[in-house]
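Welcome! Let's learn together how to read a protein structure, one feature at a time.

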Amino acid sequence: MNEVKGGSAPVAEQQGKTPLVEMNGMAKSFGGLRAVDNVDINLFPGEVVGILGHNGAGKTVLIKMLSGAIQRDSGTIRINGRDAPINNPRDAKNFGIETIYQTLALADNVDATANLFLGRELMTRWGTLDDAAMEAEARKVMGRLNPRFVRFKEPVIALSGGQRQSVAIARAIHFNARVLIMDEPTAALGPQETAQVADLVKQLKSEGIGIFLISHDIHDVFGLCDRLYVIKNGQVVGMAKTSDVTKDEVLGMIILGKCPPGAIPGPGAMREAVAAA
């Protein structure tokens with residue numbers, strides 16, 4: 001049984017299991033532009049799946065349909081084998097789907113605890129903010145995620161990029177996220193902070209959380225992802241285990257739409273092959 005690079009669970013062990021997320025026949029158009037065209041994609045518990053493609057390929061639109069930020073024109077979403085009518089971000093959160101965008105969406109002028117409970121603050125029976133309870137919960141979730149984090153009292157603007165990622169991830173998993181969408185999580189981070197984010201991802205995997213990772217960084221994808229999908233012109237070029245393809249082959253999928261022998265081709269690869277004929 002072959003272990004998958006970046007992952008703790010062999011893909012072979014996923015066979016016969018119900019995916020945590022299934023998206024089938026996903027489609028979205030903006031005017032005459034077909035941004036996402038009949039895309040199928042899935043994710044298993046404790047798995048990291050990379051979604052790659054050039055700018056405008058359709059990967060962000062696809063993920064925004066899962067997060068409820070964009071309504072799909074057609075297609076189905078299933079969570080743990082059950083239909084999931086996701087029409088807005090609140091629906092997605094109710095299904096345990098949380099998104100961490102590249103901007104992190106943190107309130108820079110307040111501390112980690114305040115960011116953790118932003119908009120969902122705990123109150124005392126007298127109707128005042130329960131600061132003690134919120135800080136205790138923040139320390140508990142951060143201790144589980146990043147035990148080295150100690151800067152609870154400082155505004156998050158004073159934290160490093162890796163520490164800010166810790167706060168954003170802690171906010172997501174505190175509210176029982178089972179699916180995490182991470183958009184370029186290591187963009188603009190140095191090597192040490194990138195390693196810290198990698199440790200966070202591995203911790204989440206060990207807890208059975210499924211992660212969709214959107215990234216332009218091939219090194220991140222091969223270091224963290226169990227599988228990857230490449231999208232080009234709104235369609236899936238192919239899907240592969242990271243252990244079955246090389247970085248150059250993945251670049252070929254992204255740029256040329258060419259599916260290598262170690263990948264399972266999608267409609268996008270078929271279209272590129274016809275166009276080249």
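This is a predicted model: local features need pLDDT of at least 70, side-chain atom pairs count only at pLDDT 80 or more; totals for chains, interfaces and linings use all residues.

Q: How do I read a cavity, and how many of 30 Å³ or more does the structure hold?

A: Rolling a probe the size of a water molecule over the atoms shows where empty space is left. Here the structure holds 1 cavity of 30 Å³ or more.

Q: Which residues line the largest cavity?

A: Its lining is made of Thr60, Ile63, Lys64, Thr99, Tyr101, Ile181, Asp183 and Ile214. Two elements, helix 1 (59-67) and strand 7, each give two or more residues to this lining. Helix 1 supplies the largest share, 3 residues.

Q: Next, the nonpolar core. Which of the 48 residues in the largest one touch the most other members?

A: In soluble globular proteins, nonpolar side chains tend to be buried together. In the largest nonpolar core here, with 48 residues, the members that touch the most others are Leu52, Ile169, Leu180, Leu204, Ile211, Val230 and Val250. Helix 5 gives the most to this core, 6 residues. There is also a second, separate core of 32 residues, and Met65, Ile70, Phe212 and Met239 are among them.

Q: What does leucine 180 touch, if I leave out residues up to four places away in sequence?

A: Leucine 180 touches Glu98, Ile100, Ile169, Ala172, Leu204, Ile209, Gly210, Ile211 and Phe212.

Q: Which residues of helix 6 are buried, and what covers them?

A: The buried ones are Gln196, Val197, Ala198, Leu200, Val201, Leu204 and Lys205. Their cover includes strand 3 (48-52), helix 4 (131-145), helix 5, strand 7 (179-183), strand 8 (210-214) and helix 7 (218-224).

Q: Why does glutamine 196 count as buried?

A: Buried means under 20% relative accessible area. Glutamine 196 counts as buried because its relative accessibility is 15%. Leaving aside neighbours within four places in sequence, glutamine 196 is in contact with Asn146, Arg148, Gly162, Gln163 and Ser166.

Q: And alanine 133: where is its place, and what does its relative accessibility make it count as?

A: Alanine 133 has its place in helix 4. With 26% relative accessibility, alanine 133 counts as partly exposed. From alanine 133 to glycine 96 there are 37 residues in sequence and 23 Å in space, C-alpha to C-alpha.

Q: Now the charged pairs. How many salt bridges does a search of the whole structure find?

A: Side chains of opposite charge can pair when their charged atoms come close. A search of the whole structure finds 14 salt bridges. One of them joins the side chains of glutamate 22 and arginine 78, at 3.8 Å from N to O. This pair links distant parts of the chain, 56 residues apart: glutamate 22 is in strand 1 (residues 21-30) and arginine 78 in strand 4 (residues 74-79). Arginine 78 is partly exposed, at 27% relative accessibility.

Q: What else does glutamate 22 touch, not counting residues up to four places away in sequence?

A: Along with Arg78, glutamate 22 touches Ile41, Asn42, Thr76, Ile77 and Gly81.

Q: Which residue forms a salt bridge with aspartate 108?

A: Arginine 164 does, with the closest N and O atoms 2.9 Å apart. Arginine 164 lies in helix 5 (residues 161-174) and aspartate 108 in the loop between strand 6 (97-100) and helix 3 (112-116), so the pair ties together parts 56 residues apart in sequence. Arginine 164 is buried at 17%, while aspartate 108 is partly exposed at 30%. Elsewhere, salt bridges that share partners join Glu22, Arg78 and Asp83 into one network.

Key:
Residues are numbered from 1 along each chain as its sequence is written. Side-chain values use heavy atoms; hydrogens and water are left out. A salt bridge is a side-chain nitrogen of Lys or Arg within 4 Å of a carboxyl oxygen of Asp or Glu. Helices (H or I, at least four residues) and strands (E, at least two) are DSSP runs, numbered from the N terminus. Buried means under 20% relative accessible area, exposed over 50%, partly exposed in between (1.4 Å probe, protein chains only). A nonpolar core is a set of buried Ala, Val, Leu, Ile, Met, Phe, Trp, Tyr and Cys residues joined through side-chain atoms within 4.5 Å. Contact means heavy atoms within 4.5 Å. On a 1 Å grid over the protein atoms alone, a cavity is a set of points where a 1.4 Å probe fits but cannot get out, and a pocket is an open set with protein on both sides within 12 Å along at least five of seven lines; lining residues have an atom within 4 Å of a point. Grid points are joined across faces, edges and corners, and a volume is the space filled by probe spheres set on the points.
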